[in-house]
Amino acid sequence: GDSSVPTSVPNESPAVPVPIMGNTLGSSGAKGKTAETDPTTVPTSRDAEATPAVPSDRPTANVPSSAEGMFVSLSALRDLREFPRRGASACPSAPYSTFPARTTLFVFLSHRWLTPSRDPNQAHPDLPHSGNPKLELVKVACDKLMHSLPTNFSIALWMDWMSLNQDGNPAEELGDRMRSLIASCDILLTPVVDLEHGNWSYPPLWTNYYEEYMAPGWIGNSNSYWERPWCRIEATFAAVTPQSEDDAWKAKVTALKGKPL
């Protein structure tokens, strides 16, 4: 079996991305034996949605309403065959404040796009002509997370492609909102689609997940996760940005205490 990977649950020490190894979930990432590559375009947008009134159980200390993010529930994502694009077309994203704070695990997807292009009509975060392996990997990772959550919990995901208006100015919006978005999330998940997993092996004993996890989409080439400045910024914010410590947050920490995320 695979060695355990550092976990990330809502606590005082937000975690830096670590790939998920086989059946073990970590603070972020997913190997799933299926290489992430790259996006040359980074999404985000500046469309100003009206933000609904915030319920009393909503963690708001680090999430001002003006920066409220749009999330897609795992239940909605399971029914789709590709990541929904937010923009002119319909997308099942909903404001952060519409999800129950005490029983929702908010997931920030930090990744490189698999179909990069300077043409916005061609760029895509996945491989749409090859079965969308990243989407399937995210579903598998989240399903494994669900097995570790209390039965009354659900998952909501933030992802640039499906949470920011791709017909606006997504890069500018992400820059404006990134810190508050990451503060609102409980875990940073990095799906690493590894189509060349047969070319390398896990070490007998893990000593450094960042260097020894050899998927091309993770480290070691110009298309890897750690070569993308946006990804580094997201990882840094995840490591240093505290979450709000309100009643909803404390209830969630209590519910998840000891869970092997």
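E3 and strand E4 (residues 154-158) run parallel and are joined by five bridges. The bridge partner of Thr104 in E4 is Ser154.

The model is predicted: local features need pLDDT of at least 70 and side-chain atom pairs count only at pLDDT 80 or more, whereas totals for chains, interfaces and linings use all residues. Residues are numbered from 1 along each chain as its sequence is written, and side-chain values use heavy atoms, with hydrogens and water left out.

Among the helices (H or I, DSSP runs of at least four residues), H6 (residues 229-240) has buried residues Cys231, Glu234, Ala235 and Ala238, where buried means under 20% relative accessible area (1.4 Å probe, protein chains only). Seen down the axis of H6, these residues fall within an arc of 95 degrees (taken from the directions from the helix axis to the C-beta atoms), so they line one face of the helix. They pack against strand E3 (104-109), helix H4 (170-184) and strand E5 (187-189).

The largest nonpolar core has 26 residues; such a core is a set of buried Ala, Val, Leu, Ile, Met, Phe, Trp, Tyr and Cys residues joined through side-chain atoms within 4.5 Å. H4 gives the most to this core, with four residues.

Note on methods:
Buried < 20%, exposed > 50% of the residue type's maximum accessible area, 1.4 Å probe, protein only. Helix = DSSP H or I, 4+ residues; strand = E, 2+ residues; numbered from the N terminus. Contact = heavy atoms within 4.5 Å. Pairing = 2+ DSSP bridges.
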